[in-house]
Amino acid sequence: MFEGTLRLLLVWLGAALFMVPASLAGAQEKDGVSNLKLPGISSYATPKSDTTLAVGNSGAITLSAQLTDKGADITRGIVWRVFKPETVNGKLPMVASAHGGTAVFQLEPGSYLVHASYGRAGATKRITVSKEARRESLVLDAGGLKLDAVLSGGAHIPPKKLRFSIYEGHAEPNGDRALIIPDVEPNSVVRLNAGIYHVVSTYGAVNAVIRSDIRVEAGKLTEATVEHHAAEITMKLVRETGGEAIADTSWSLLNESGDPIKETVGAFASMVLAEGDYTIIAKNRDRIYQKDFTVVAGQNQEIEVLANEAAAMDPEEGAD
């Protein structure tokens with residue numbers, strides 16, 4: 001009986017050991033480890049084995065992170081990743097990871113690279129693990145950025161029509177900037193390393209764009225509000241003033257220089273435009289009509305294009 005019980009126990013242990021690698025691999029995929037980009041670390045390799053490093057000769061290492069030197073420990077929101085410093089096939093093997101605030105790892109004695117990410121802020125540090133328990137801290141030198149925008153005079157902008165993109169502060173020789181975060185919602189807090197960033201605020205989807213350079217300070221929340229000089233415009237083709245919009249109309253919008261900046265189809269053409277002078281061209285049933293108008297910042301308006309001879313264009317002229 002004892003031998004039978006022993007064989008059953010060994011079979012159960014063997015099955016459990018085969019299940020562990022699959023569960024750990026699934027957790028790494030969920031964590032997005034394969035897409036990680038580390039500052040100063042070009043690439044890494046996921047572990048070939050999922051066996052724990054907490055063996056008899058392991059040592060405990062406690063890792064904590066602060067926004068600034070001598071600042072308080074961050075208690076949540078950190079992603080820790082530990083790597084061996086020697087590359088394998090040109091990549092750094094990752095040996096452990098954790099989420100939260102301060103983390104404790106059991107690792108074999110030796111040298112490791114530790115990366116702590118906090119939102120879009122991050123820091124990397126080389127550590128040494130021995131049999132004696134040790135503690136290491138990483139200073140992220142990071143802060144928060146909260147963005148919003150208003151119209152001239154402080155009028156509110158609907159959040160659904162407002163987006164921000166955050167770029168690196170320094171431009172490349174060709175003038176391009178590296179995009180850090182696209183489509184940031186207004187009034188959301190983005191964690192970034194301290195420094196200067198180039199922020200692009202877009203109201204609508206045409207040309208209401210504001211660019212600004214903003215400095216993020218370590219340990220502080222920087223709140224920045226930009227001002228858009230724009231308005232929401234709705235255009236319609238009518239047979240008489242105040243009449244019903246004519247369906248199946250093609251619209252082309254030209255700026256002051258005569259360059260096309262927007263095309264759409266429908267009874268109404270609604271869009272957000274930066275202040276300035278424009279020309280709208282409406283085409284319906286092989287007839288082309290146009291109208292010049294001016295957008296005043298903060299003044300939403302409806303533009304009616306009359307489908308009469310006074311507004312009509314020569315079709316050949318419209319084709320040009």
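Which residues touch the most other members of the largest nonpolar core?

Tutor: First, a caution: this is a predicted model, where local features need pLDDT of at least 70, side-chain atom pairs count only at pLDDT 80 or more, and totals for chains, interfaces and linings use all residues. Residues are numbered from 1 along each chain as its sequence is written, and side-chain values use heavy atoms, leaving out hydrogens and water.

Now the core. W80, F105, L107 and L140 touch the most other members, out of 23 residues. A nonpolar core is a set of buried Ala, Val, Leu, Ile, Met, Phe, Trp, Tyr and Cys residues joined through side-chain atoms within 4.5 Å. Buried means under 20% relative accessible area, exposed over 50%, partly exposed in between (1.4 Å probe, protein chains only). The elements that give two or more residues to this core are β2 (59–66), β3 (78–83), β4 (92–100), β5 (103–107), β6 (110–118) and β7 (121–129). Strands here are DSSP runs (E, at least two residues), numbered from the N terminus.

Zoom in on F105. Leave aside its neighbours within four places in sequence: F105 is then in contact (heavy atoms within 4.5 Å) with G59, A60, I61, L63, W80, V82, A96, S97 and A98. A second, separate core has 22 residues, including L162, Y197, I214 and V226.

Next, a polar residue. S58 lies in the loop between β1 (44–45) and β2. S58 counts as buried, because its relative accessibility is 15%. Its side chain makes a polar contact with the side chain of Q106, at 3.3 Å. A polar contact is a pair of N or O atoms within 3.5 Å; within protein, one must be able to donate a hydrogen and the other to accept it, and residues adjacent in sequence count only if both atoms are side-chain atoms.

Definitions and conventions:
Helices (H or I, at least four residues) and strands (E, at least two) are DSSP runs, numbered from the N terminus.
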